[in-house]
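User: Can we go through this model together? I'd like to start with the backbone and then look at the helices.

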Amino acid sequence: MNEDNAAARVIDDLRAAARSGRAGDRMPSVRDLMARHRASPATVQQAIQRVAAEGLVEVRPGRGSFVAARAAATAHDLSWQAVALGEGRPGEDLVANLVAVPKPEAIPLTSGYLDPDLQPTDALGAALTRAARRPAAWGRVPVEGRDELRAWFAREAGGELRGGDMTVCAGAQEALATVFRGLGARGDAVLVESPTYLGAIAAARDAGLKVVPVPADQDGVRPDLLRAAFDRTGAKLFYCQPLHANPHGAVLSDERRAEVMRIVRDVGAFLVEDDWARGFTIDGTAPPTLASQDTDGHVVYVRSLTKVAAPGLRVAVIGARGPAGTRLKNTRSRQDLYVAGPLQEAAIDFVTSPVWRRHLRTLQQSLRTRRDALTRAIGEQLPELRFARSSGGLHLWAELPDGVDDLELTTAAAARDVVVFPGRAWFAAEPPGSFLRLTYGGAPEHVLAEGVRRLAGAMAAVRR
């Protein structure tokens with residue numbers, strides 16, 4: 001089936017529905033459009049984006065598409081932009097939809113950030129106030145960031161990395177974009193765990209890289225398949241989350257850590273270590289970073305304070321030695337000259353004070369309680385979901401029963417004011433089944449239990 005023809009049919013269908021409906025009417029679902037026109041999910045999503053750009057449709061993340069309000073007669077005609085912009089990029093809206101702020105009455109069972117009750121906002125506010133009062137904080141900042149902040153990140157990473165190897169960025173998403181643009185060339189392959197963080201997939205594709213998935217299980221990426229992927233593609237980049245991988249929570253086992261590092265050295269590649277979950281280990285002790293075991297500069301280290309503290313603390317770092325570090329610093333400077341001085345000063349104040357360690361201890365205790373509450377609620381309300389117990393991070397990765405579509409369940413849940421996100425977005429290629437990422441860090445225990453109860457109602461609805 002020609003996808004171009006399918007896209008044209010979906011666009012015509014959407015335009016007709018929007019023009020014949022009233023403002024606020026629900027548009028046909030992605031699933032309905034796929035079945036009606038025998039089109040792929042990517043084709044349908046691109047068609048929706050196209051009609052939304054024409055002002056006919058309003059997309060509400062987590063809820064679906066609706067007929068847009070009619071423009072006033074005097075409004076300017078912006079429809080020319082659809083022609084000028086050309087074809088959309090598949091999946092370009094996924095990250096924005098994932099981090100969209102849900103409506104107040106909705107229960108977030110999918111979230112990339114901590115519940116506000118778990119964020120150390122008082123301490124951060126005090127630190128930012130002190131930083132703002134220092135005149136030097138408002139001056140020029142080195143492109144690579146404040147020395148004290150870089151030195152702290154280097155100590156946390158361990159091993160051979162030093163403060164001079166660190167470059168401060170405005171959050172992990174910018175750090176990943178810098179790494180993929182700086183170390184890859186358009187058309188190159190980048191290997192990723194499958195499933196993996198959808199923001200990394202989006203950043204790599206935006207840099208023009210071909211994203212190649214390598215299956216992972218509860219012990220992390222499979223080394224045999226990693227070696228095969230390097231041999232087949234000639235890739236020089238491998239993106240890895242060895243600690244509580246997002247979304248599935250796996251920790252790279254000790255045996256596989258050594259084997260993965262050996263493979264990367266043998267093929268002369270870079271391993272991009274996304275240490276996003278450092279501080280989120282709630283059972284046992286977190287293993288050291290891969291960067292701490294790297295002697296020859298193969299590991300490019302990425303860590304952010306945003307997830308473990310608060311969404312507004314957009315401070316992250318890239319650690320790389322040798323020419324790679326220089327290239328990444330230069331790439332970073334072309335994107336955004338530097339992270340605001342007061343924010344860096346506040347971050348230094350916060351992580352070097354006793355409140356930082358107290359925050360981590362309290363956070364880990366709270367996450368353990370919430371994880372257990374979410375696990376218990378699923379066992380009572382949705383025993384047919386299959387998932388591995390998480391030893392840390394923020395999420396449970398749940399496999400849906402046979403015959404239950406993740407897109408359809410997401411839509412049904414949104415109708416019950418429960419925010420979940422279809423699991424297929426975390427796969428760089430065809431998913432092996434239907435999944436949901438369920439987050440225990442974004443809401444208190446009683447809210448999580450109510451969210452699961454509503455999700456069970458949505459499940460029952462889609463199975464009728």
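This is a predicted model: local features need pLDDT of at least 70, side-chain atom pairs count only at pLDDT 80 or more; totals for chains, interfaces and linings use all residues.

User: Which peptide bond is cis, with omega near 5°?

Analyst: The one from S194 to P195. P195 sits in the loop that links β5 (189-194) and α9 (198-206).

User: And which residues does the cis bond with omega of about 20° join?

Analyst: N246 and P247. P247 belongs to the loop between β8 (237-240) and α11 (254-267).

User: Why flag those bonds?

Analyst: Because most peptide bonds are trans.

User: Is H244 buried or exposed?

Analyst: Buried. Its relative accessibility is 2%, and the cut-off for buried is under 20%.

User: What about D417, what is its phi?

Analyst: Near 60°, again positive in a residue other than glycine. D417 is in the loop between α15 (406-415) and β13 (418-419).

User: How accessible is D417?

Analyst: Partly exposed, at 21% relative accessible area.

User: Which residues of α6 are buried?

Analyst: L124, A127 and A131. They cover an arc of only 65° around the axis, so they lie on the same side of α6.

User: Why does that spacing work?

Analyst: An α-helix has 3.6 residues a turn, so residues three or four places apart point the same way.

User: What do the buried residues of α6 pack against?

Analyst: Against α13 (341-351).

User: How many residues of α13 are buried?

Analyst: 10 of the 11, so α13 is largely enclosed by the rest of the structure. Among the buried ones are G341, P342, E345, D349 and V351.

User: What covers the buried residues of α13?

Analyst: The cover includes α6, α7 (147-157), β4 (166-169) and α14 (354-381).

User: New pair. How do α8 and α9 cross?

Analyst: Their axes come within 9 Å and cross at roughly 40°. That makes α8 oblique to α9, because angles under 35 degrees would count as roughly parallel. The crossing is right-handed.

User: Why give both numbers?

Analyst: Two packed helices are described by the angle between their axes and the distance between the axes.

User: Which residues meet there, between α8 and α9?

Analyst: From α8, which spans residues 172-183, they are Q173, L176, A177, F180 and R181. On the α9 side they are G199, A200, A203, A204 and D206.

User: Where is E174?

Analyst: In helix α8.

User: Buried or exposed, that E174?

Analyst: Buried, with a relative accessible area of 16%.

User: What is E174 in contact with?

Analyst: C169, R332, Q335 and D336, leaving aside its neighbours within four places in sequence.

Technical notes:
Residues are numbered from 1 along each chain as its sequence is written. Side-chain values use heavy atoms; hydrogens and water are left out. Helices (H or I, at least four residues) and strands (E, at least two) are DSSP runs, numbered from the N terminus. Buried means under 20% relative accessible area, exposed over 50%, partly exposed in between (1.4 Å probe, protein chains only). The arc is that of the directions from the helix axis to the C-beta atoms. Contact means heavy atoms within 4.5 Å. Axes are lines fitted to C-alpha atoms, for helices over the stretch in contact, and angles run from 0 to 180 degrees between N-to-C directions. Angles under 35 degrees count as roughly parallel, over 145 as roughly antiparallel, 65 to 115 as roughly perpendicular and the rest as oblique. A crossing is left-handed if the near helix is turned anticlockwise from the far one by less than a right angle, and right-handed if clockwise.
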